[in-house]
Amino acid sequence: MSQLSQLHPSTLWQLFEQICSIPHPSKHEQRISAWIQSWAKEQGLSVKEDAVGNLFIKKPATAGMENRRGVILQAHMDMVPQKNATTEHDFLTDPIQPYIDGEWVTAKDTTLGADNGIGLASALAILASNDIAHGPLEVLVTIDEEAGMTGAFGLEPGWLDGDILINTDSEQEGEVYMGCAGGIDGSATFDIETMAVPSGFESFNLSISGLKGGHSGVDIHTGRANANKLLVRFLLEATRQFNIQLTELNGGSLRNAIPREANASFVVESTKVDALKAYLVSHLETVKASLKAVEPDLALSLISPETFDTCWTLNSQFAVLRALNACTNGVIRMSDDIEGIVETSSNLGVLRTKGNKFNALVLIRSLHDDGRDDAQGMIQSTFELAGATIEFSGAYPGWKPDTSSAIMQVVRDTYQTIFNKMPDIMVIHAGLECGLFKTAYPHWDMVSIGPTIKFPHSPDEKVEIVTVGQYWQLLTAVLQNIPEKSQ
């Protein structure tokens, strides 16, 4: 038996381990989808796939519960593919390697995929059970939640019969979510003018690493450093002082993950190399001192690569660096309505140089459309003033809290009965699919629960073992407590 299969509840953990063995990064869910469909058919369950790739699995009510309101358990099948720069791992072919680390399950040098693999495994475990009482039950498994919410956008009316949806994508045991932030993606593009590298110049590559990164919604308030912003800060000052000229600038990998690593190649006049290196040492000491509590492993590495023939002109370089330096990043505003919750934020997630084009990706999140629009306007102004073109796409709505939600009350009361304490009723700054579901199914009564998952969207991702059991206990009890259909 493997380590995970010895944990409780065993069926859930066995299914999660199977999920980890099948590559399923966002945009590449074909293998996990095929496995889910095959598994469901082996269980004798009805399974369907829609035009965008969402899966629908139906299970009849247990005897005596046919008159309960229909429940949809919902999870997404994709995971965020993040690894350390020194890790050899191909997310398209290699399995995730989960293991037990004390009170947690984590993965070897990659994201674990507990977000949302634990939720998916719990839904499948309910389908596989013969001893869990429930009314009419459906499972909705969506695609591409992490990279665009394609499945939620493409969900069509008429596929599902239930009117209660339990989303399994929350990441803190003891919290019941009844609302979430909406968001929008921004993509800014610069045309880069280049020139021949002058004689007497040396080539260098500067990289920043060792940052924690994390989820750009859940972890945005933690003060963790953004590798893109840190690198740009140094490059801008080095351009002013030493006239370094870039040949390439790249950083981050996903617009919804706080960047952990970034790198730049540049040339500088040989007579200024020693002064540049001295400034780099001083700058690193300053930054490490200010971030030592949250980023103790921050590192900068300067190496001499091959010789470059061309470099950016200083006009292009200043335009890019000034815009990136000015681009708002992190928490923009805290909520006035819900104490301790971020209302609006932005994440400068990805920087890419492609030939004579430079592209920056930003993800804006907000609990309110007005907050999202305000941040969008600020970021648009920043890049347009610098001469870039910027396009916004993929806007998705927030999930507006419903204080009269019947399923929220069922979950709250069930939690109190089991654990003898009240759960926290929360709104999450991360984007859940629930807001988009309302487009096709406006009548759905929705709630989101889950175990405690720390540092999702980063190689530090881990799930607390005891909370998986608590989440499972709550979920199965809630299914038994679903009220009867109104006459």
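These questions and answers cover the pockets, cavities and helix packing of a predicted model. In this predicted model, local features need pLDDT of at least 70, side-chain atom pairs count only at pLDDT 80 or more, and totals for chains, interfaces and linings use all residues. Residues are numbered from 1 along each chain as its sequence is written, and side-chain values use heavy atoms, with hydrogens and water left out.

Reader: How much space lies in the largest pocket?
Author: Take the term first. On a 1 Å grid over the protein atoms alone, a pocket is an open set of points with protein on both sides within 12 Å along at least five of seven lines, while a cavity is a set where a 1.4 Å probe fits but cannot get out; lining residues have an atom within 4 Å of a point. Points are joined across faces, edges and corners, and a volume is the space filled by probe spheres set on them. For the largest pocket this space is about 400 Å³.

Reader: Which residues lie nearest the centre of the largest pocket?
Author: The lining holds 20 residues. They divide into nine nonpolar, six polar and five charged (Ala, Val, Leu, Ile, Met, Phe, Trp, Tyr, Cys and Pro count as nonpolar, Asp, Glu, Lys and Arg as charged, and the others, Gly among them, as polar). Nearest the centre are Glu175, Tyr177, Val218, His221 and Ile428.

Reader: Which element gives the most to the lining of the largest pocket?
Author: Helices (H or I, at least four residues) and strands (E, at least two) are DSSP runs, numbered from the N terminus. The largest pocket gets three residues from its top contributor. That element is S22.

Reader: Which strands each supply at least two residues of the lining of the second largest pocket?
Author: About 260 Å³ of space lies in this second largest pocket. Of its 17 lining residues, Lys83, Gly252, Ser253, Arg260 and Glu261 are the closest to its centre. By class, the lining has five nonpolar, eight polar and four charged residues. The strands are S13 (245-251) and S15 (262-269).

Reader: How many cavities of 30 Å³ or more does a search of the whole structure find?
Author: The largest cavity holds about 150 Å³. Closest to its centre, among 17 lining residues, are Glu145, Glu146, His215, Arg365 and Gly431. The lining of the largest cavity has six nonpolar, four polar and seven charged residues. The search finds five cavities.

Reader: Which element gives the most to the lining of the second largest cavity?
Author: This second largest cavity has a volume of about 60 Å³. Its lining includes Glu175, Tyr415, Gln470 and Leu474. S8 and helix H11 (465-480) give two or more residues to that lining. With three residues, the top contributor is H11.

Reader: Is H1 oblique or roughly parallel to H3?
Author: Helix H1 (residues 10-20) and helix H3 (residues 114-128) pack at about 130°, with axes 8 Å apart. Axes are lines fitted to C-alpha atoms, for helices over the stretch in contact, and angles run from 0 to 180 degrees between N-to-C directions. Under 35 degrees counts as roughly parallel, over 145 as roughly antiparallel, 65 to 115 as roughly perpendicular and the rest as oblique. Therefore H1 is oblique to H3.

Reader: Is the crossing of H5 and H6 left-handed or right-handed?
Author: Helix H5 (residues 227-242) and helix H6 (residues 273-291) pack at about 145°, their axes 11 Å apart. A crossing is left-handed if the near helix is turned anticlockwise from the far one by less than a right angle, and right-handed if clockwise. H5 passes H6 in a crossing that is right-handed.
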